[in-house]
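Keep the structure open as you read.

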Amino acid sequence: MIFVLGMVSLMTDLSSQMIVPILPLYLTSVLHVQVGTVGMIEGMAESTASLLKFFSGWMSDRFGKRKWLMVGGYGLSNLIKPFFALSSTWGQVLFIRFADRFGKGIRTSPRDAILADTTTKEERGKAFGFRRSMDTLGAALGPLVTYFILLSHGSYQSVFWLSAIPGLIATLLLIFFLKDKRNPVKTEGKRLPKISFKGLSSRFVLFTLITMLFTIGNFSDAFLILRAKDVGMAPAYIPLTYFAYNIITSIFSTPFGMISDRVGRRPVLMTGYVMFALIYLGFGLVHTVTGMWILFFIYGLYYATTEGIQKAYVADLVPEEQRGLAMGTFNALTGIAVLPASVMAGFLWQSFGAFTAFGVSSVLAMISALLMFILRI
């Protein structure tokens, strides 16, 4: 089960990350949109669709149909992404990006819950770390494939179309090899859930609120791509920076997950938040291509210490029968925080420059780390 989920994550991220490193370049260079518009597109797509992570988690708890929610979510994302090749306005890009994230919203909470269902607390960090490492291995291979397509004089459109191949493989793997291993959980009535902390532990509530604060400063990676372009990196080489940080994340996600099993999630997560603060401060200060390469490598370590471990920590903080709902609540609230993050970053960048945008994010990350330390979440 864990291996199948890992392979699905690998192929899906390979497909997605063929597109992600060039989409901001496509928007600004081909469609000629402003940085603020890029922030709005990323923020709206991520945050609005993230509400579905909450409802999909509730549905998977109530009906026990984690697999088919995942098939629907992965299938939608993998089918819609190639249509970027036909887009000619930023509005069309927004629609396709939203549909892609809509699919992610449907699949994420059931996937995290089914992974938690099939592991014990003692091995959960390792399992979430493994899935994350496979996810980022695909995310590393995607930009590498894009680099070779562009190097062979392929166009942005050819990259968009070819991204359909690994996406289709991921969907077929889910359909034929993943099986649900649990029955529906009894819930009260048939009402749709509300985003609420009622019945959930105070530690879960505080952790979610701190993560939301951190997320407000963690704006879209699209701005990192634009920053690399600003300092003089050739567009054809920018996908390789994505390869660099994703391969580092892939290598270190499982080891950091295992460390969190031994020493606890909290110290590993605090380390990740502090690393993020220093890295983003660096992105604001550095003005050389070499400096950008170094920061992208270190950025991969930040991801390894946070992404999978956050989900494992949520699973630790709630009982099994509430995991789908808790994962949905956590994903939805942190996802909603992405909208002000990217919109704020776009506004600060256009009005005051890149350093201000990255500097504000750095401060918010340090505050989040301090809160986790002081409150002992």
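Helix α1 passes α5 in a left-handed crossing (the near helix is turned anticlockwise from the far one by less than a right angle). Helices here are DSSP runs of H or I, at least four residues, numbered from the N terminus. The axes of α1 (residues 2-19) and α5 (residues 90-117) come within 12 Å and cross at roughly 160°. That makes α1 roughly antiparallel to α5, a label for angles over 145 degrees. Axes are lines fitted to C-alpha atoms over the stretch in contact, with angles from 0 to 180 degrees between N-to-C directions. I2, L5, S9, T12 and S16 of α1 meet R101, R107, R111, I114 and L115 of α5; contact means heavy atoms within 4.5 Å.

This is a predicted model: local features need pLDDT of at least 70, side-chain atom pairs count only at pLDDT 80 or more, and totals for chains, interfaces and linings use all residues. Residues are numbered from 1 along each chain as its sequence is written, and side-chain values use heavy atoms, leaving out hydrogens and water.

Next comes α2 (residues 23-30). Of its 8 residues, 6 are buried (under 20% relative accessible area, 1.4 Å probe, protein chains only). They are L23, P24, L25, Y26, L27 and T28. Just after α2, H32 takes a positive phi of about 60°.

Now α13 (residues 289-304). Its buried residues include M292, L295, F296 and Y299. The buried residues of α13 pack against α6, α9, α10, α11, α12 and α14. F283 touches M292, L295 and F296, among others.

Key
Buried < 20%, exposed > 50% of the residue type's maximum accessible area, 1.4 Å probe, protein only. Helix = DSSP H or I, 4+ residues; strand = E, 2+ residues; numbered from the N terminus. Parallel < 35°, antiparallel > 145°, perpendicular 65-115°, else oblique. Lists of a residue's contacts leave out its neighbours within four places in sequence.
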